[in-house]
Every structure is written in C-alpha cells, then in structure tokens.
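Trainee: I would like to learn how to read the features of a model like this one. Can we go through them in turn?

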Amino acid sequence: SDDKPYVVEIEKHTLPATYKHFAITKLDKGVFLLGRITGWENLNLVDGYANVYFKGTFLGQTLIKTRNVKDTLDLSLGRDEKVLVTRSKLKEYSSKQLIGTKLKETLSFELIAKNNRNTAIDIEILDQIPISSNSDIEVKEIEISQADFNPVTGEIKWKHNLKPGESKKMILTFSIKYSKNQNIEIQQMKQRAVRKF
C-alpha cells in the first residue's frame with residue numbers, strides 16, 4: 001500500500017553441497033568456485049537466474065539450468081581470489097627451428113596452482129593442446145605432468161587436492177611442425193570480467 005518493493009521469503013531449503021574450484025588458464029586467469037548440489041530434484045526448480053549471497057553479501061547472479069542435469073546441480077559462485085592459478089611461458093624450453101622445408105615450434109608453459117585459503121580445496125585445471133585437421137600440420141604433446149589427455153579434443157585436465165597454503169606446479173609442452181610457408185596462429189589468453197567474492 002506504500003508503493004515500496006519488499007522482499008518476502010516464501011520458502012527456505014537447506015541442501016547438501018560440495019565445492020570444487022575450476023580454472024581454464026588458457027582463456028582466463030581467474031579461478032572459479034562451483035557449488036555441486038544434490039537432492040534438488042523435488043524442489044520444482046525452473047530454469048532461470050538466481051541471486052547468489054555469501055555470508056549475507058550479494059555476489060551477483062548465477063544461471064540455474066535443470067534440463068539435462070542428472071543427480072547433481074552445478075551452480076557457479078564466481079571467482080575466488082584466494083585461490084590462484086598462473087600460466088607463464090617458459091622461454092628457455094620454447095623454440096622455433098627450421099627442419100628442411102618445415103618449421104618446428106615448441107611451446108612450453110608452467111602452471112602453478114596455489115591455495116591461500118585456510119581449508120583444503122579440490123581444483124580442476126583445464127588447458128588444451130591445438131588439434132590439427134590438416135595432415136600437413138603435426139601437433140605432438142611432449143610433457144603434460146600426469147594430466148588426463150583427450151587426443152580427440154586436445155583437452156588436458158589436472159585434478160588436485162590442495163592443502164591450506166599448498167601449491168602445485170604443472171608443465172605443459174607441445175610441438176607443432178608445419179610448412180614454412182604456412183601461417184599458424186596460437187590462441188592468446190583473454191581476460192574476462194566476471195564477479196569476484
């Protein structure tokens with residue numbers, strides 16, 4: 001009656017959740033926190049945006065997508081500034097050399113994941129080796145530091161449990177051999193604006 005908007009809590013549910021950190025270092029320097037929720041099936045949730053609060057502070061919005069979800073609903077909770085993953089090129093192990101009519105380019109990267117939280121975390125780090133659809137371009141993985149490697153997509157996945165204050169180093173090295181007359185473009189890292197908490 002006073003023409004002012006009010007927020008009214010209609011229903012409240014507490015659901016079990018596990019948390020996982022996630023980073024795609026090739027595309028973004030940020031580390032994201034993912035909430036994995038079980039027991040949500042009977043809540044009649046619909047697809048749409050949901051407001052995310054952490055310790056009473058509004059963080060932003062996340063997208064609830066219940067289609068094609070099985071028993072676990074994943075919600076993005078934004079960046080976690082207390083967990084860091086760096087990706088830097090190792091110049092001393094990267095090279096470019098001419099072999100006959102072909103150029104062989106070797107690229108090497110060092111990835112370091114560090115947990116600055118006071119609790120242990122699970123983190124999944126994704127990267128990728130280029131995949132060639134041209135038979136004249138040969139791509140070969142050299143060092144992937146015991147990561148899971150998918151040769152079809154080129155996806156590389158590291159899974160680690162980091163204790164408080166612990167850091168883990170990974171090396172990614174691959175080579176590309178191609179004709180010296182070809183131009184090869186390797187994707188550069190992009191910085192995206194995403195909410196932080």
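## Reading the surface, strands and rings

Mentor: Start at the surface. This is a predicted model. Y6, V8 and I10 form a nonpolar patch there, and their accessible area together is about 420 Å².

Trainee: Where does Y6 lie in the chain?

Mentor: Y6 sits in the segment before β1 (17-24).

Trainee: Is Y6 buried or exposed?

Mentor: Residues over 50% relative accessible area count as exposed. Y6 has 60%, so Y6 is exposed.

Trainee: Now the strands. In which sense do β3 and β4 pair?

Mentor: Antiparallel. Strand β3 covers residues 48-54, strand β4 covers residues 57-64, and seven bridges join them. Take two positions as examples. G48 has I64 in β4 as its bridge partner. A50 stands opposite T62 in β4.

Trainee: How many residues lie between β3 and β4?

Mentor: Two, and the strands form a hairpin. Look at K55 in the turn: its phi is positive, about 55°.

Trainee: What is the strand order in the open sheet of six strands?

Mentor: Read it as β5-β2-β1-β9-β12-β11. The pairing is mixed.

Trainee: Which strands stand at the edges?

Mentor: β5 (72-79) and β11 (148-149). Each has a single partner strand, so one side of each is left without a neighbour in the sheet.

Trainee: And how do β9 and β12 pair within that order?

Mentor: They run antiparallel, over eight bridges. Strand β9 spans residues 121-128 and strand β12 spans residues 155-162. I125 stands opposite W158 in β12.

Trainee: How should I picture side chains along a strand?

Mentor: In a regular strand, side chains alternate between the two faces of the sheet.

Trainee: Next, the rings. What describes a pair of aromatic rings?

Mentor: Two values: the distance of the centres and the angle of the planes. A search of the whole structure finds one aromatic pair. The partners are F109 and F174, with ring centres 6.5 Å apart.

Trainee: Why is the pair called stacked?

Mentor: Planes under 30 degrees apart count as stacked. The planes of F109 and F174 are at 25°, so the pair is stacked.

Trainee: Which strands hold F109 and F174?

Mentor: F109 is in strand β8 (residues 102-115), and F174 is in strand β13 (residues 167-179).

Trainee: Are F109 and F174 buried or exposed?

Mentor: Both are buried.

Trainee: What lies over the face of F109?

Mentor: R87, at 4.0 Å from the ring centre.

Definitions and conventions:
Residues are numbered from 1 along each chain as its sequence is written. This is a predicted model: local features need pLDDT of at least 70, side-chain atom pairs count only at pLDDT 80 or more; totals for chains, interfaces and linings use all residues. Side-chain values use heavy atoms; hydrogens and water are left out. Rings of Phe, Tyr and Trp (its six-membered ring) pair if their centres lie within 6.5 Å; planes under 30 degrees apart count as stacked, over 60 as edge-to-face and the rest as tilted. Helices (H or I, at least four residues) and strands (E, at least two) are DSSP runs, numbered from the N terminus. Buried means under 20% relative accessible area, exposed over 50%, partly exposed in between (1.4 Å probe, protein chains only). A charge sits over a ring if NZ of Lys or CZ of Arg is within 6 Å of the ring centre and within 35 degrees of the ring normal. Patches are made of residues with over 30% relative accessible area and no salt bridge: like charges are joined within 9 Å, nonpolar side chains (Val, Leu, Ile, Met, Phe, Trp, Tyr) within 5 Å. Accessible areas come from the Shrake-Rupley method with a 1.4 Å probe; for residues, only the protein chains shown count as cover. A salt bridge is a side-chain nitrogen of Lys or Arg within 4 Å of a carboxyl oxygen of Asp or Glu. Two strands pair if DSSP finds at least two bridges between them.
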